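Subject: Structure handover

Hello,

Here is the structure for your files. My notes follow below it.

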Amino acid sequence: MSTDSLALLRKNAGEEISALAEDHLKHDLHPSDRDLLNSAASKIGIHVTIGSAVGLALGAFLAFRIRRTRTHMFNAFRAHERPTHVKFADGREEAIPDVTPYMRPTALGDIAAYTFLGFGGLFIGGEIGLLTGTGSARRTITRDPETRERIETAFRRFRADVLRKEADTLDQRTSVTKLLGL
């Protein structure tokens, strides 16, 4: 499992692309635009962190509830009087095995419930936090049309530079493979 599976642990792009992005931030945007982008990025981080924490807490709470319900059901099943034999129409009588020990809640089941429901809550909460944070950041950026236009222009220039770098890298790789005869 990759760390990119959880929104809380996702990393950014490589150092080269990050440096290129910093260069575009410095030259293509006003200081107020940079502050706005930093504010939007921090909103995403806050939403993801809160969503992950709430998801983890809800997962643990759900695991606790399931464990308690299983225990109550087991106690009710154990306390109930059950038949011990079945009598068939031909007069034959068969004993019914006692399944009570197989239904007893175990520590392994509790560990599995807390683990899987906790990770599930962490994953779902983090992704929901990422979605709400992205929406909040988008509203922050698109509030002023002029700022939005400057940011979009800087982003288009950044993407064009990234594509140029990728094309150069691909061209260099093909020339190396031709030299090696691969």
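A crossing is left-handed if the near helix is turned anticlockwise from the far one by less than a right angle, and right-handed if clockwise. Helices are DSSP runs of H or I with at least four residues, numbered from the N terminus.

This is a predicted model: local features need pLDDT of at least 70, side-chain atom pairs count only at pLDDT 80 or more, and totals for chains, interfaces and linings use all residues. Residues are numbered from 1 along each chain as its sequence is written, and side-chain values use heavy atoms, without hydrogens and water.

Helix packing. α2 passes α4 in a right-handed crossing. Helix α2 spans residues 31–79 and helix α4 residues 107–141; they pack at about 155°, with axes 5 Å apart. Axes are lines fitted to C-alpha atoms over the stretch in contact, and angles run from 0 to 180 degrees between N-to-C directions. The two helices are therefore roughly antiparallel to each other (angles over 145 degrees).

Salt bridges. The count comes to nine (side-chain nitrogen of Lys or Arg within 4 Å of a carboxyl oxygen of Asp or Glu). Arg150 forms one with Asp33, the closest N and O atoms being 2.7 Å apart. Arg150 lies in helix α5 (residues 145–180) and Asp33 in α2, so this pair ties together parts 117 residues apart in sequence.

Best wishes

Note on methods
Angles under 35 degrees count as roughly parallel, over 145 as roughly antiparallel, 65 to 115 as roughly perpendicular and the rest as oblique.
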